[in-house]
Amino acid sequence: MSDSPPDLAQLAQSIKDWGRELGFQQVGITDVDLGEHEAHLQRWLDAGYQGEMDYMAAHGSKRSHPDELVPGTLRVVSLRIDYLPGDTRMAERLAQPEQAYVSRYALGRDYHKLVRKRLQQLAERIQAVIGPFGHRAFVDSAPVLEKAIAEKAGLGWIGKNTLVLNRKAGSWFFLGELFVDIALPIDAPHASEHCGRCTACMDICPTAAFAGPYVLDARRCISYLTIELKGSIPEELRAPIGNRVFGCDDCQIVCPWNRFARPTEQADFQPRHGLDSGGLVELFLWTEAEFLSRTEGSPLRRAGYERWLRNLAVGLGNAPSTIPVLEALRARREHPSELVREHVAWALARHHEKGPH
C-alpha cells in the first residue's frame, strides 16, 4: 500500500480487472445522478404498478440517490455475472404441462450471498492498494436502482421487458453494486437502446403484464404473482400462469439478444435437487420438511412452503386431468392453510369442468 494518492484511472482499470478475476463478466463505473430514472420510478409508483411491493416506495429518495442511502458515496461500481445453466430446455419444459417450470435464476444456490461475497472480496482488493475507504456492497436487497445504475455504467440498456440487455450477452445475468467514496473516472452510459421495433417480449407475456414498452405492471407479472404476492392469485390470471410455479422467463426466452447469452461458469448456479426436471405432482407432495431441506440456500425459500403449494396447485389445475394429478389435489383438499385449500378447490373445479374422471 502506497502513501501517495492513487492514480484513479489506473485504479478504475484495476477494479475492472479484479472484477473479472472474481468471476464477473463486465464491470462499469458511474456517478450518483439518477434523476431521469427517478422520474420514471415515480410515474411507475403513481400508477400503482408495484402492487404489494410497498418497499419500492418505502425509502423515499434513497433509492434514486445513492449518496443518501450511503452518505459519502461518490461512485457506484456496477457488475454483472452470468447465471444461465448450459442445458436449459426452457421452451421444452414450458410445453410439458405436467412438469413444473422454475425460473432459471432460481434453480441453483441463492445468488445474493455468492455475489455479495465476491463484491466484498473486490472491496478488500481495493483496500489492499489504497488503504481503508468508504464502501458498501448491494445485491438486489436494498433500495438501489440497480438496472438504472447498470445502464449508466455502460453494461447495457434497459429493454422493453424492463431488464438490462447487453448486445454480447443478452439478459441472463445478475447485477451487483459496490458504492464507494472514491472519485473514480466514470464510464460512458450505454449510448442507445437496441430493441428497435421488436415487441417479442411484450407479445409473449402470458398475462399481458406490460402496460407499454419499458413499463411492467407487476400486479400481472407471473414472477410477482408466484413470488411476491402473499395472498390469493387473481382467478383470471391463474390459467395463463400454466406450469410456471416460481417466476417466469418468457420475456427473456424470446428476446433476440439472448441468442448471444453464454452459459454460466459458476457451479453454484447449476440446478439442484432436480428442480429443472421436477413434475408438478412430485413437488406438490413434498412435506414441509422436504421443502425446507431441498430449498436450503435457494431463492425458492422466498415464497415459503404455503405459497409454494399455492403455486403448484395452480399448475396442477392447468395440467392434464390425469389420475395422479387429481389424487395429488384431493390429498391436499383439507390442508390447514386456507390459501392452499382455496387454490386446490379452484384446481379441482377446473378439472371437473373438463369432464368426469
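**A walk through the predicted model**

Four strands make an open sheet, in the order 1-2-7-4, and their pairing is antiparallel. At the edges are strand 1, residues 26-30, and strand 4, residues 135-138, each of which pairs on one side only. On average, neighbouring strands of this sheet are turned by 20° against each other, direction ignored. Please keep in mind that this is a predicted model.

Now the pairs in turn. Strand 1 and strand 2 run antiparallel and are joined by five bridges. Within that pair, Gly28 has Ser78 of strand 2 as its bridge partner. Strand 2 is also joined to strand 7, again antiparallel, by eight bridges. There you can find Leu79 opposite Gly176 of strand 7. Strand 7, residues 173-180, then pairs with strand 4 in the antiparallel sense over four bridges. In that pair, Arg136 stands opposite Phe179 of strand 7.

Two helices that pack on this sheet come next. Helix 1, residues 8-21, touches strand 1 and strand 2, the latter being residues 75-82. The direction of helix 1 makes about 145° with that of strand 1. Helix 5, residues 111-130, touches strand 2, strand 4 and strand 7. Its direction makes about 35° with that of strand 7.

Strand 2 deserves a moment of its own. How many of the eight residues of strand 2 are buried? Eight of the eight are, so the strand is largely enclosed by the rest of the structure. Arg75, Val77, Leu79 and Ile81 point one way from the strand, Val76, Ser78, Arg80 and Asp82 point the other way, and all are buried.

I will move on to the annotated positions. The UniProt record lists Cys195, Cys198, Cys201 and Cys255 under "binding site", in an unreviewed entry. These residues are spread over 61 residues of sequence, yet they cluster in space, with a largest C-alpha distance of 10.2 Å.

Cys201 lies in helix 7, residues 200-204. With a relative accessible area of 8%, Cys201 is buried, since the cut-off for buried is under 20%. Leaving aside neighbours within four places in sequence, Cys201 is in contact with Lys160, Asn161, Phe210, Cys251 and Val254. Cys255 lies in the loop between helix 10 and helix 11, the latter being residues 280-284. Cys255 is buried as well, at a relative accessible area of 12%.

The other group also comes from the unreviewed UniProt entry. Under "binding site", the record covers Arg63, Asp140, Asn161, Val164, Leu175, Ser223, Cys248 and Asp249. Why do these not all gather at one spot? They span 187 residues in sequence, and the farthest two C-alpha atoms are 25.8 Å apart, so a single spot does not hold them all.

From this group, take Asn161. Asn161 sits in the loop between strand 5, residues 157-158, and strand 6, residues 164-165. Its relative accessibility is 4%, so Asn161 counts as buried. Beyond its neighbours within four places in sequence, Asn161 is in contact with Cys201, Phe210 and Cys251.

Where is Cys248 placed? It is in the loop between strand 10, residues 244-246, and helix 10, residues 250-253. Cys248 is buried, with a relative accessible area of 16%. Neighbours within four places aside, Cys248 is in contact with Ser103, Ile222 and Ser223.

Last, a pair of helices. Two packed helices are described by the angle between their axes and the distance between the axes. For helix 14, residues 323-331, and helix 15, residues 338-354, the angle is about 145° and the axes are 9 Å apart. Helix 14 passes helix 15 in a left-handed crossing. Which residues meet here? From helix 14 there are Val325, Leu326, Leu329 and Arg330, and from helix 15 there are Val344, Ala347, Leu348 and His351. By class, this contact has six nonpolar, one polar and one charged residues.

That is the tour.

Key:
Residues numbered from 1 in each chain as written. Predicted model: local features only at pLDDT ≥ 70, side-chain atom pairs only at ≥ 80, totals over all residues. Heavy atoms only, no water. Pairing = 2+ DSSP bridges. Axes fitted to C-alpha atoms, helices over the stretch in contact; angles between N-to-C directions. Contact = heavy atoms within 4.5 Å. UniProt positions renumbered as here; feature names shortened; annotations may be inferred. Buried < 20%, exposed > 50% of the residue type's maximum accessible area, 1.4 Å probe, protein only. Left-handed = near helix turned anticlockwise from the far one by under 90°. Nonpolar A, V, L, I, M, F, W, Y, C, P; charged D, E, K, R; others polar.
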